[in-house]
Amino acid sequence: MSTRIADVLIPLALDTAYSYRVPEDLGLVEGDVVVVPLGTRETVGVVWGLSEGGGANLKAVSGKVDASRLSPALRKLFDWLAWYTLAPRGSALALGLRVPEPRPEVPRVGVRLTERVPVRMTAARRRVLEAAADGLTRSKRELADAAAVSASVIDGLIDEGALETLALAADPVAKIPDPGFGQAELSEQQHEAARAVCAAFHDAPPPVILLEGVTGSGKTEVYFEAVAEALRAGKQVLILMPEIALTAQFLERFAGRFGVPPAVWHSGVSSRRRERLHAGVATGEVQVVAGARSALFLPFEQLGLIVVDEEHETAYKQEDGVHYHARDMAVVRGKLEGATVILASATPSLESRVNATRGRYRRIVLPERFGGRTMPEIRAIDLKRETMPRGRFISPTLAFAVEDTLARGEQALLFLNRRGYAPLTLCRACAYRYECPNCSAWLVEHRFRRALVCHHCGHIERTPEACRSCGSVDSLVSCGPGVERIAEEVTEIFPGRRSIVLSSDFPGGAERLRAELAAVAAGEFDLVIGTQLVAKGHNFPFMTLVGVLDADLGLASGDPRASERTFQVLQQVTGRAGRGEKPGRALVQTWQPTHPVIAALVSGDAERFYREEARAREAAGLPPFGRLAAIVVSAAEREAAEAHARGMAQVAHPLPGVMVLGPAEAPLAVIRGRHRFRLLVRTEREVDLQCYLRDWLARCPKACGSVRAIIDIDPQSFL
Ligand code: ADP
Ligand code: ZN
Ligand code: ZN
């Protein structure tokens, strides 16, 4: 008699699915989550394939797990992801597989008033009885809160029989959004765009839409209409956001439009809650999820729309484990599910722009700000022509403009994309520079914390009193500015003004940061000094001036996307100005006012920038006109890393259209004590990069000892 064989993919760094015999009494379907023996233990896996045939000597599947089945589309997504990133298929699966932990169901208990009167009456007890007088059943917590008493008061009343307990039905995992709840009145332009977006929703196959609108144009309202359309069609919606933990404003706007906030998915959500959401997404009970990139792998049952907000953001690229780009994977998932994909941005990635030009994406444009508001007027401050006071980073021209803005009761933002006080500390006596002991990087002074910190590995040490090298006292100098130093300068130049520094170092975590962002929006501060954290997404209605302290900061890096990134971040941050009633302006301090990025920003001619950038990338064969893969070889010893990287380069096949560059020591030569070498593979667009790499890697020497080689397809970081 023939047995059934199940090929089971296990969520570990394994590429092949293992075969198991299916016991006769076990009904299995592809996509089922099962328990199987692996070595000496049992592990969870997913049935990737089923077949009939021999295999009597195979180990048997131990059993089925009560978890949602993976749909064919989702399994294809993991296969695709592994194929594209060259990660083992099991590692790809691990990104999305969630097995409910066995936990005792804690029944929710409700309480209700009885006829019985408590023996002893107190003020607190009276408040409880009054709050419960309507005879409704409430949870203990709700009743205690309503009566402003502690839980023990409720317990006392239960003991005396004045309240009785009942089992409560479980809370729904997410509330149902109502597409007709609070539709905003759209501007003519928004209406036009919304109509186009909604129409596209019914195309077969549904398209990828690039929704491009200047900052403040009201893109969110436009894609909300697509969300409504999807809900009306009974479909689920996924909204990806780069920094979901900080988007309180977004959740409020969503609730304003649909009556309830969306289900939120990110690493800060408790694992119990995530388990419930995961299951609710699989049954279709959860209709809209707003999440970080990992939400991409949720088991949607009826996915109709994926929105990628701020699609140009680098936060969408996962930089460890499986190196995937969530925007690109969203497009893949959309195809597999037959879902519409909307990529929204004021400053789209060149990749998406080129895809639109090539006709692969449909481009919908909102060229003007909502409500007749104008774009901020942007001017460059040429630092070659300014006389900077010694030790200052705010030019007189900028200081004057800030003064003027504050005098009118408006807000100003000073932007510097550098955390801490100073990026370098050195000794004036012996020229010793403070470097991280684990990385080839300078330690950044954080003066509030009185510490020197490594931004790459987290190493932290107390700012020394005397030089570590020569022992001189009072000889340490802070070189260059970080936001904390600007804050110090601000207190000197604008005494008595309320200012706040906002960066990811902000103490108190996301919760406090959200509160402070709301305080800024409410006008409780005059001046904000911030990193890129404040550059995006936020609406500060009283902000009319944005000062960029060092526009050149990102331009010097060896990153092929340096210009694009700088353009995007400057465009976003200057776009914070003038979003309220009053028009805004931006002043940009630079040493190179004629640099194409600065010139395009000042002229407001984004089209020209994209054109020139596209031309330059095309000439250099860089993405999206060519393909790139990085290989980072690292090891505990420099020699071992270098030797392995060289060994790899030696067995690379020459092939027309393929260039293998390096190995070269990485710009960050050591991170966490590991020495790093980089190889870069650049191919023409027509070349099958994955195929080439697979073939090459199969012939490479095996990495042994501490040596690791990491593949990064379409790298976003070049450090
Ligand atoms: P973008 O994301 O394009 O930068 P937003 O969607 O944040 O722009 O919109 C900018 C501002 O305009 C927000 O404060 C938003 O509430 C407001 N807004 C946009 N469209 C409308 C509308 N149709 N009705 C009322 N307010 C709107
Ligand atoms: Zn370090
Ligand atoms: Zn010294």
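How far is an oxygen atom of ligand 1 from an N or O atom in the side chain of Ser217? In this predicted model, the distance between the oxygen atom of ligand 1 and the N or O atom in the Ser217 side chain is 3.2 Å.

**View 1. Polar side-chain atoms beside the oxygen atoms of ligand 1.** Asn539 places a polar side-chain atom 3.0 Å from an oxygen atom of ligand 1. For Arg579, a polar side-chain atom and an oxygen atom of ligand 1 are 3.5 Å apart. On its own, ligand 1 has 560 Å² of accessible area, and the protein covers 78% of this area.

**View 2. The shell of 16 residues around ligand 1.** The closest of the surrounding residues are Glu185, Gln190, Gly216, Lys219 and Arg253. Helix α7, spanning residues 219-232, gives the most to this shell, contributing 3 residues. Classified by type, the shell comprises 7 polar, 5 charged and 4 nonpolar residues.

**View 3. The second largest pocket, with about 960 Å³ of space.** Its lining consists of 35 residues. Nearest the centre of the pocket lie Tyr84, Asp328, Asn355, Arg360 and Tyr361. Two or more lining residues come from each of α1 (72-85), α10 (326-337), α11 (350-357), β27 (626-635) and α19 (689-699).

**View 4. Helix α10 and the composition of the lining of the second largest pocket.** With 7 residues, α10 gives the most to this lining. The lining residues of the second largest pocket comprise 19 nonpolar, 10 charged and 6 polar residues.

Technical notes: Residues are numbered from 1 along each chain as its sequence is written. Chains are lettered from A and ligands numbered from 1 in the order in which they are written. This is a predicted model: local features need pLDDT of at least 70, side-chain atom pairs count only at pLDDT 80 or more; totals for chains, interfaces and linings use all residues. Side-chain values use heavy atoms; hydrogens and water are left out. A residue is near a molecule or strand if one of its heavy atoms lies within 4 Å of it. A polar contact is a pair of N or O atoms within 3.5 Å; within protein, one must be able to donate a hydrogen and the other to accept it, and residues adjacent in sequence count only if both atoms are side-chain atoms. Accessible areas come from the Shrake-Rupley method with a 1.4 Å probe; for residues, only the protein chains shown count as cover. Helices (H or I, at least four residues) and strands (E, at least two) are DSSP runs, numbered from the N terminus. Ala, Val, Leu, Ile, Met, Phe, Trp, Tyr, Cys and Pro count as nonpolar, Asp, Glu, Lys and Arg as charged, and the others, Gly among them, as polar. On a 1 Å grid over the protein atoms alone, a cavity is a set of points where a 1.4 Å probe fits but cannot get out, and a pocket is an open set with protein on both sides within 12 Å along at least five of seven lines; lining residues have an atom within 4 Å of a point. Grid points are joined across faces, edges and corners, and a volume is the space filled by probe spheres set on the points.
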